[in-house]
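I opened the model to look up a few local features. My notes follow.

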Amino acid sequence: MKPLGSTRREFIAVTGMATLGFLLSEKAHSQQSTKINNMNNASYIGYVDGKYVLPPLPYAYDALEPLMDEATVRLHHDKHHAAYVAGANAAAEKLQEIADGKLDASATTPNVRNLSFHASGHALHTIFWTNMTPTPKAGPEGPLKEAIIKKFGSVDNMIKVFKAATIGVEGSGWGILGLDPISKTLVICGAEKHQNIEIPGLVPLLVCDVWEHAYYLKHQNNRAAFVEDFMKLVNWDDVEQRYLAAIGK
Ligand code: MN
């Protein structure tokens, strides 16, 4: 028997949707095997050969200075993100032991919760790093821009709503611009912790981490200033690629 999660469908079934249904379109997934080591594309999922893996940053630790400081990026990636990867693997292994009859099934719920938390954290961080670039362009273009204007009236207004939603996340969580899989329209929402995404099945396109570990060293308690700085680093090319993948183009 293959390990649980060894295929994408099982992976989604195991982790639950709010978790990871959002990772990829089918098309993007089909491209994944050839691009697995290149995280500068929308199909990278940080899961190789049955294990969650920490992707390398697509830029140097200090590349986002001065808006995002090297110390924060280093700790955030090497310690926090790495811990989610380790936690996801540990939970997945426990669930496999249950599946194999080596561990009592009563351990299912806490381990599913652990997997949901850690794998969701891993997935969102993987998107977060690629959502930023040291060389951002002015704004979104093409079909993404058209979709933003259709929904929000203008790019500026979308950004205003995104900032407000992100700053307004209660406690630790994320601001997310994503594609609602039902209406196929863009939505902005929040996620508490990692796994509690407000729109079921949402495909995240642009995510901003507002856990304090993302900004406390540099911005202290000023989450709004951090979100402002994050918006100056947005890799719109990456967000555009994710949008095209999400709508199956
Ligand atoms: Mn984080």
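Is His76 buried or exposed? I find His76 buried, with a relative accessible area of 1%; buried means under 20%, exposed over 50%, and partly exposed in between (1.4 Å probe, protein chains only). His213 is also buried, at 18%.

I noted that the model is predicted, that local features need pLDDT of at least 70 and side-chain atom pairs pLDDT 80 or more, and that totals for chains, interfaces and linings use all residues. Residues are numbered from 1 along each chain as its sequence is written, and side-chain values use heavy atoms, without hydrogens and water.

Next, the metal site. I see the manganese ion coordinated by His76 (NE2), His125 (NE2), Asp209 (OD) and His213 (NE2), at 1.9 to 2.1 Å. Donors are N, O and S atoms within 2.8 Å of the metal (3.2 Å for Na, K and Ca); water is not among the atoms, so the site may look incomplete. The donor spacing in sequence reads H-x48-H-x83-D-x3-H. His76 lies in helix α4 (residues 70-99) and His213 in the loop between β6 (203-209) and α8 (216-219), 137 residues apart. Helices (H or I, at least four residues) and strands (E, at least two) are DSSP runs, numbered from the N terminus.

Then the sheet. I read four strands in an open, antiparallel sheet, ordered β5-β4-β3-β6; strands pair if DSSP finds at least two bridges between them. The edge strands, β5 (196-197) and β6, each pair on one side only. Strand β4 (residues 186-192) pairs with β5 over two bridges, and Glu192 has Asn196 of β5 as its bridge partner.
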